[in-house]
Amino acid sequence: MMQIWSEQDFRTMPWKNGGGSTTELAIYPSQAGLDNFIWRLSTATVATDGPFSHFVGIERSLALLSGEGMDLYLHETGDEGEVAELRPDSAPFRFNGETPVVAKLLNGVAITDLNMMSRREVCSHTMLRFGEGDHFVQANEAQQILLFCYEGQATLADGTLIQRQQLLLQEENHAHEGLTLQFSAAAESDIYLIIIRFSATGAG
């Protein structure tokens with residue numbers, strides 16, 4: 001089963017902690033909210049330094065879409081401890097939603113990020129980034145795959161065209177069948193693929 005969303009389908013709302021705004025690309029189940037989603041994919045613009053919202057029981061992956069970058073301080077104070085550097089060429093960064101995180105912008109320049117969140121007790125996810133070229137992804141244990149085209153376009157093996165600012169959801173047709181996805185990304189494309197695996201007791 002396949003579904004495609006475009007910009008007119010996305011919705012913008014305040015951050016959970018009120019410190020900014022986020023654009024929700026897709027949420028599962030479709031009628032879920034911030035307190036009961038199984039997974040949620042969104043973008044956000046970060047214009048000032050400050051803390052991230054806390055999401056207990058949630059796994060998060062973050063990728064930089066635009067801007068110079070930001071440093072993520074994984075603790076309350078923002079001046080010591082583990083630091084993750086998110087830059088234009090960085091791989092997506094994964095962390096626990098309950099981990100205290102303080103973001104500091106590089107040179108004070110606003111950034112836009114891509115944020116995937118999944119509920120740990122129900123499912124897990126992996127976010128991958130792709131550029132120009134032919135790509136083949138085999139996810140034998142996956143029940144769902146998301147493909148977000150931030151820039152450029154991607155053409156699937158069956159000819160389906162995913163253009164800039166479009167999001168594809170592909171779901172397995174039969175239980176335990178897994179998923180494969182073959183696509184070709186055009187020049188200067190920035191493509192993000194999220195593999196979603198449900199636990200044995202989770203909803204699929």
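Author: An open sheet of 6 strands runs in the order 2-3-4-11-6-9, with antiparallel pairing. Its edge strands are strand 2 (11-14) and strand 9 (93-96), each of which pairs on one side only. The model is a predicted one, in which local features need pLDDT of at least 70 and side-chain atom pairs count only at pLDDT 80 or more, while totals for chains, interfaces and linings use all residues. Residues are numbered from 1 along each chain as its sequence is written, and side-chain values use heavy atoms, with hydrogens and water left out.

Reader: What makes strand 4 and strand 11 a pair?

Author: Strands are DSSP runs of E with at least two residues, numbered from the N terminus, and two of them pair if DSSP finds at least two bridges between them. Strand 4 (residues 39-46) and strand 11 (residues 111-119) are joined over 8 bridges in the antiparallel sense, so they meet the rule of at least two bridges. Within this pairing, Arg40 stands opposite Met117 in strand 11.

Reader: Which residues have the most contacts inside the largest nonpolar core, and what makes a set of residues such a core?

Author: A nonpolar core is a set of buried Ala, Val, Leu, Ile, Met, Phe, Trp, Tyr and Cys residues joined through side-chain atoms within 4.5 Å, where buried means under 20% relative accessible area with a 1.4 Å probe, protein chains only. The largest such core has 24 residues, and those with the most contacts inside it are Trp39, Leu41, Leu114 and Leu146. The largest share of this core, 4 residues, comes from strand 19.

Reader: Why is the pair of Tyr28 and Trp39 called stacked?

Author: Rings of Phe, Tyr and Trp (its six-membered ring) pair if their centres lie within 6.5 Å, and planes under 30 degrees apart count as stacked, over 60 as edge-to-face and the rest as tilted. Tyr28 and Trp39 lie 5.7 Å apart, centre to centre, with 10 degrees between the planes, and the pair is therefore stacked. Tyr28 lies in strand 3 and Trp39 in strand 4, so the pair ties together parts that are 11 residues apart in sequence.

Reader: How do you know that the pair of Tyr28 and Phe198 is edge-to-face?

Author: The centres of Tyr28 and Phe198 are 6.0 Å apart, with 65 degrees between the planes, so the pair counts as edge-to-face. Both Tyr28 and Phe198 are buried, and ring pairs link Tyr28, Trp39 and Phe198 into a cluster.

Key:
Buried means under 20% relative accessible area, exposed over 50%, partly exposed in between (1.4 Å probe, protein chains only).
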